[in-house]
Amino acid sequence: MAIESDVLVIGGGLAGLTAGISAAREGAHVRLITHKQSTLRQASGLVDVLGYVDGEPVADPFAAVPDLPADHPYRIVGESGVREGLALFDDVTDYRGDHTDRNALVPTHGGTVKPTARYPASAAAGLASDDRDALLVGFETLVDFDAPLAADHLGAAGAPFAADGATVRFPGDLRPDAKVTRYAHLLDENRPVDVDGRRLPACEALAERVRPHLDGHERVGFPAVLGDDDPAAVRAALAAELGADVFEVPMGPPSLPGLRLADRLYDALDEAGASLETGVPVVDHEGGDRIERVLVDRKGATVPYAADQYVLATGGLVGKGVESDRGGVREPVFDCRVPHPADRYDWFEDGVFGDHAFARFGVDPDGELRPTDERGDPEFENVRAAGSVLGGYDFPAEKSGAGVSLATGRSAGVLATEAL
């Protein structure tokens, strides 16, 4: 007997979670299944809606939506769909940026300034639009963040504030290969550590090592390791010790802000009443014009899962939601069509930063986000796609990946529920 639900969401990234939360909130019995850990754990934790169009920075993503190509996912869900996806996100997280349509400018660990629509509360005091001088602090054992170099890059990039950088030893003498969670938990617990022959709470010890470099700076940026369980309390403790605002600089993977965001969204999925199963890949499906059930590998046993409606949110080329080989490009779960040039040499441009066709590979949806065949008809009447499995947009170049996932995930969840 199949395991049944109203809506079965396949994929546990930002699009799948958004689809699951929205469908459950609409009253559907939702089950979300995922094969691997969420890609959110590798993301920066920032939520980009639209940062660039044709290589030019975008100040107001919403104003740019009508001018995007007709097959862009934002054109399918419309500006209202983008706003509703963000509204759902704002409702279940403590992110900032909802006070304006304009992108915020967030300094990154490489010393660049990234336009983004939503940012964690932990990054709020570090915005580049703030003209207060900033001190960036790196740790000797965390080589991914070279604070003096990042400060120099911000100056060269024309940031409207003065930035200086300092590198200190993190109290507790963590190993160079320590996970970011080790830094975070040590600060969360504020355990006593040895510093110059004394025992001090970790936050106080860290502040003591930063204080000689403070030199009047009104805000201090650290790599994003300031607590996991209660990062607000860690920032408050450091701010009190330093007498300056404290913020986190988003880092590359593995990303603690990404981990925190994933945890919050999984909590929201649970609060909405949806079920979750991880480590269960879909290996086959049954049905004709309508999917009757999918077959899932559960520890070597093939188990049927049946639903009235399905949401496909398995990711793009990187997440293996779209696969390619010399023979072509395909979507592996339902074998939906992925439009692509027949000659694989046309998939790429010569330059690394060229307009590569492969960047837009994905299923081609109709107005209800259902993948379509060569004639433009839905491949299955009860399957909708969301997130980076969709084609028609270049999310790395546009900085639009999170926004598309939120907008199409929310729309797919609502449409699936309306079709019940």
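Predicted model: local features only at pLDDT ≥ 70, side-chain atom pairs only at ≥ 80, totals over all residues.
Residues are numbered from 1 along each chain as its sequence is written, and side-chain values use heavy atoms, with hydrogens and water left out.

Most residues other than glycine have a negative phi. The phi of D215, however, is positive, near 45°. D215 counts as exposed, at 70% relative accessibility; here buried means under 20% relative accessible area, exposed over 50%, and partly exposed in between, with a 1.4 Å probe and protein chains only.

K399 also has a positive phi, of about 55°, although it is not a glycine. You will find K399 in the loop between α9 (395–398) and α10 (401–418). With a relative accessibility of 31%, K399 is partly exposed.

Now step back to the whole chain. The protein chain has ten helices and 19 strands. Its radius of gyration, taken over C-alpha atoms, is 23 Å, close to the 22 Å that the globule rule (2.2 Å times the number of residues to the power 0.38) gives for 420 residues, so the chain is as compact as a globular protein of that length. The C-alpha atoms fill a box of roughly 70 × 45 × 40 Å along the principal axes. Of the 420 residues, 54% are buried.

What lies inside? The largest nonpolar core has 75 residues, and Y74, V294 and F334 have the most contacts within it. Such a core is a set of buried Ala, Val, Leu, Ile, Met, Phe, Trp, Tyr and Cys residues joined through side-chain atoms within 4.5 Å. Apart from this core lies another, of 32 residues, with L135, F139, A166 and V220 among them. Leaving aside neighbours within four places in sequence, Y74 is in contact (heavy atoms within 4.5 Å) with residues including V49, L68, V82 and A407.

Our last stop is Y183, in helix α5 (residues 180–189). Y183 is buried, with a relative accessible area of 0%. Not counting residues up to four places away in sequence, Y183 touches F139, L142, F170 and V225, among others. Y183 and P171 are twelve residues apart in sequence and 9.3 Å apart in space, C-alpha to C-alpha.

How values were computed. Helix = DSSP H or I, 4+ residues; strand = E, 2+ residues; numbered from the N terminus.
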